[in-house]
Amino acid sequence: MDAALAALLDEVAGDLGRGRGKLVILTGAGLSADSGLPTFRGPGGYWTVGSQVHHPEEIATRAAWNAIPDEVWRFTARLLRAVAGGAPNAGHRAIAELDRRFGERCVTVTQNVDGYHLRAGNHPDRVYAIHGDGGFVRCGADCCFDLLPRPASVLADDFDPSADPHLRCPRCRDLLRPHALFFDEYYSEPLYRSESALEAAREAALLLVVGTAGATTLPNLIAREAVEAGAAVIDVNPADDPFAELARALRRGHWVRDTAAAALPAIAARLIARDAPAVIHPST
Ligand SMILES: [Zn+2]
């Protein structure tokens, strides 16, 4: 490990060990790319309805949901099948180790809807899925904010959204929708923990950014709040991105130019090893 990175991790682990601030981990598509998932915005994300080819930005929308909900569901189901066929990688497992070790001092904010943080073992209360989680569905008519486990029928080859009896809201019988933030919708606290994510950023001792290009507004706000609060920033991304630029500009910042699966196990191990060691009492 780079000596400057090791020194920064030791400094931050010291802060965390003394209860000074939180470890805030912000993850994006690059983390799950190591699991072989197609990137949502890449060429694999296109969707054809009749003779028309749609970009995800056109099909994963409230407007499309109102007009052609079955197509929105079929588009989503294809992504969910890819998610079900993949698995969390060493990067997710390293984050789960940090979550276990630091407990309430650690928060994971994710833009990914694949649910891999939970599958890797993160505590659900400490994962803020700011773009939703494909493992859940909710009322498509917004009669309530209840999250329900996604019915297994969604992944079946003969999936027929409107005819599926498992996709009916138990309260109002309207069609259930994927629990995901559509491109033309806004963040909200009850559904996406967006305020909680910003609050965590204001308490951050370290903001660890993993595989996110910073294309959306909330991650950028999280970074700004964390820096204003005096947090160190470490960005893990093989490609340059706005968070890498931010990290390079900070005295307590570092850009790790590597994939999450390659870099995170050593980073997590160092933070855990240098966290305030438990006091060992001589046996009596
Ligand atoms: Zn309903």
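View 1. For comparison, the ideal angle for four tetrahedral donors is 109.5 degrees. This is a predicted model, in which local features need pLDDT of at least 70 and side-chain atom pairs count only at pLDDT 80 or more, while totals for chains, interfaces and linings use all residues. Residues are numbered from 1 along each chain as its sequence is written, and side-chain values use heavy atoms, with hydrogens and water left out.

View 2. Cys139 is buried, at a relative accessible area of 1%, whereas Cys143 is partly exposed at 37%. Buried means under 20% relative accessible area, exposed over 50%, and partly exposed in between (1.4 Å probe, protein chains only). Cys169 sits in the loop between strand 7 and strand 8 and is buried, with 1% relative accessibility. Helices (H or I, at least four residues) and strands (E, at least two) are DSSP runs, numbered from the N terminus. Beyond its neighbours within four places in sequence, Cys169 contacts Cys139, Cys143, Asp174 and Leu176; contact means heavy atoms within 4.5 Å. Cys172 lies in the loop between strand 7 and strand 8, and its 34% relative accessibility makes it partly exposed. Not counting residues up to four places away in sequence, Cys172 touches Cys139 and Cys143.

**View 3. UniProt, in an unreviewed entry, places the feature "binding site" at Cys139, Cys144, Cys169 and Cys172.** These annotated residues are spread over 34 residues of sequence but cluster in space, with a largest C-alpha distance of 9.3 Å. UniProt positions are given in the numbering used here, feature names are shortened, and annotations may be inferred rather than shown by experiment.

**View 4. His131 is the position where UniProt (unreviewed entry) places the feature "active site".** Look for His131 in the loop between strand 5 (127–129) and strand 6 (132–139). With a relative accessibility of 14%, His131 counts as buried. Its contacts, leaving out residues up to four places away in sequence, include Thr110, Gln111, His179, Tyr187, Tyr192 and Thr216.

**View 5. A search of the whole structure turns up two aromatic pairs.** Trp65 and Phe182 form a tilted pair, 6.5 Å centre to centre with 35 degrees between the planes. This pair links distant parts of the chain: Trp65 belongs to helix 4 (residues 62–67) and Phe182 to the loop between strand 8 (176–180) and helix 8 (189–192), 117 residues apart. Trp65 is buried at 5% relative accessible area, and Phe182 is buried at 4%. Trp73 and Phe159 form an edge-to-face pair, 5.8 Å centre to centre with 90 degrees between the planes. Trp73 in helix 5 (residues 69–85) and Phe159 in the loop between strand 7 (148–149) and strand 8 are 86 residues apart, and both are buried. Rings of Phe, Tyr and Trp (its six-membered ring) pair if their centres lie within 6.5 Å; planes under 30 degrees apart count as stacked, over 60 as edge-to-face and the rest as tilted.

**View 6. The largest nonpolar core has 28 residues.** Such a core is a set of buried Ala, Val, Leu, Ile, Met, Phe, Trp, Tyr and Cys residues joined through side-chain atoms within 4.5 Å. Among the residues with the most contacts inside the core are Leu23, Leu208 and Leu264. Helix 1 (3–17), strand 1 (22–27), helix 6 (90–102), strand 9 (204–210), strand 10 (232–236) and helix 12 (260–274) each supply at least two of its residues. A second, separate core of 21 residues includes Val107, Val109, Leu207 and Ala231.
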